[in-house]
Amino acid sequence: MGTAIQVGDRAPDFELTASDGRKVKLSDFRGQKNVVLYFYPASETPGCTIQACAFRDAYSVFQELGAEIIGISGDPVERQQGFQKNHQLPFLILSDPGNKVRQQYGASTLFGLLPGRITYVIDKEGVVRYVFDSMLNFKAHVDEALKILRQLASATA
């Protein structure tokens with residue numbers, strides 16, 4: 001497990017495969033968009049589905065605030081494809097085989113067994129502005145990220 005990424009740290013770059021098969025790098029968004037990066041335990045599980053659908057339902061607000069959402073789990077690309085399609089998720093869902101990027105971020109695990117649920121708000125320069133870690137408060141990940149993005153937007157207005 002890597003050292004946990006904290007507020008003020010530069011978000012580690014990575015390249016993972018999206019559900020549509022293309023390669024996505026965090027640095028692709030640098031200088032252009034804030035990024036809400038969230039790690040979740042597993043596609044098609046009840047809590048993860050609630051969380052993903054909450055992000056989906058607020059997606060237009062995230063876009064208005066100049067942010068992109070990226071969801072990551074250790075599930076294989078094929079499973080991510082089904083998850084994205086089944087729930088009409090308009091944002092990127094990435095496959096992190098072996099949870100290497102999760103470890104790079106030091107994203108928590110529950111009792112060292114289950115991959116945790118943690119959200120990072122990363123600004124356009126690639127700096128982590130907020131970290132929210134809650135296994136059971138699925139929708140709060142969306143609310144907290146929006147709150148921080150609004151603060152970032154008003155600070156630069």
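**Exercise 1. Decide whether phenylalanine 39 is buried or exposed.**

Step 1. Take the cut-offs: buried means under 20% relative accessible area, exposed over 50%, and partly exposed in between, with a 1.4 Å probe and protein chains only.
Step 2. Phenylalanine 39 has 0% relative accessibility, so phenylalanine 39 counts as buried.

The model is predicted: local features need pLDDT of at least 70, side-chain atom pairs count only at pLDDT 80 or more, and totals for chains, interfaces and linings use all residues. Residues are numbered from 1 along each chain as its sequence is written, and side-chain values use heavy atoms, with hydrogens and water left out.

**Exercise 2. Find how many aromatic pairs the structure holds, and classify the pair of tyrosine 38 and tyrosine 40.**

Step 1. Rings of Phe, Tyr and Trp (its six-membered ring) pair if their centres lie within 6.5 Å; planes under 30 degrees apart count as stacked, over 60 as edge-to-face and the rest as tilted.
Step 2. There are 11 such pairs in the structure.
Step 3. For tyrosine 38 and tyrosine 40, the ring centres are 5.5 Å apart and the planes stand at 35 degrees, so this pair is tilted.
Step 4. Tyrosine 38 is buried, at a relative accessible area of 0%. Tyrosine 40 counts as buried too, at 0% relative accessibility.

**Exercise 3. Name the residues that touch the most other members of the largest nonpolar core.**

Step 1. A nonpolar core is a set of buried Ala, Val, Leu, Ile, Met, Phe, Trp, Tyr and Cys residues joined through side-chain atoms within 4.5 Å.
Step 2. The largest such core has 26 residues, and Tyr38, Phe55, Phe62, Ile69 and Phe91 touch the most other members.
Step 3. At least two residues each come from E3, helix H1 (46-57), helix H2 (59-64), strand E4 (67-73), strand E9 (128-133) and H5. H5 gives the largest share, six residues.
Step 4. Look at one member, phenylalanine 55. Contact means heavy atoms within 4.5 Å. Not counting residues up to four places away in sequence, phenylalanine 55 touches Val36, Tyr38, Phe62, Ile69, Phe91, Thr119, His141 and Val142.
Step 5. Compare the aromatic cluster: Tyr38, Tyr40, Phe55, Tyr59, Phe62, Phe83 and Phe91 form one.

**Exercise 4. Describe the lining of the largest pocket.**

Step 1. On a 1 Å grid over the protein atoms alone, a cavity is a set of points where a 1.4 Å probe fits but cannot get out; a pocket is an open set with protein on both sides within 12 Å along at least five of seven lines. Lining residues have an atom within 4 Å of a point.
Step 2. The largest pocket has a volume of about 180 Å³. Volume here is the space filled by probe spheres set on the grid points, which are joined across faces, edges and corners.
Step 3. Its lining consists of Asn34, Leu65, Asp123, Lys124, Glu125, Leu149, Leu152, Ala153, Ala155 and Thr156. Helix H5 (residues 140-156) gives the most, five residues.

**Exercise 5. Describe the largest cavity.**

Step 1. One cavity of 30 Å³ or more is present. The largest cavity holds about 40 Å³ of space.
Step 2. Leu26, Phe29, Arg30, Lys33, Val35, Ile122, Asp123, Lys124 and Gly126 line the largest cavity.

**Exercise 6. Locate glutamine 88 and asparagine 99, and give the phi of each.**

Step 1. Most residues other than glycine have a negative phi.
Step 2. Glutamine 88 has a positive phi, near 45 degrees. Glutamine 88 sits in the loop between helix H3 (77-86) and strand E5 (92-95), and is exposed at a relative accessible area of 56%.
Step 3. Asparagine 99 also has a positive phi, about 55 degrees. The loop between E5 and H4 holds asparagine 99.

Conventions: Helix = DSSP H or I, 4+ residues; strand = E, 2+ residues; numbered from the N terminus.
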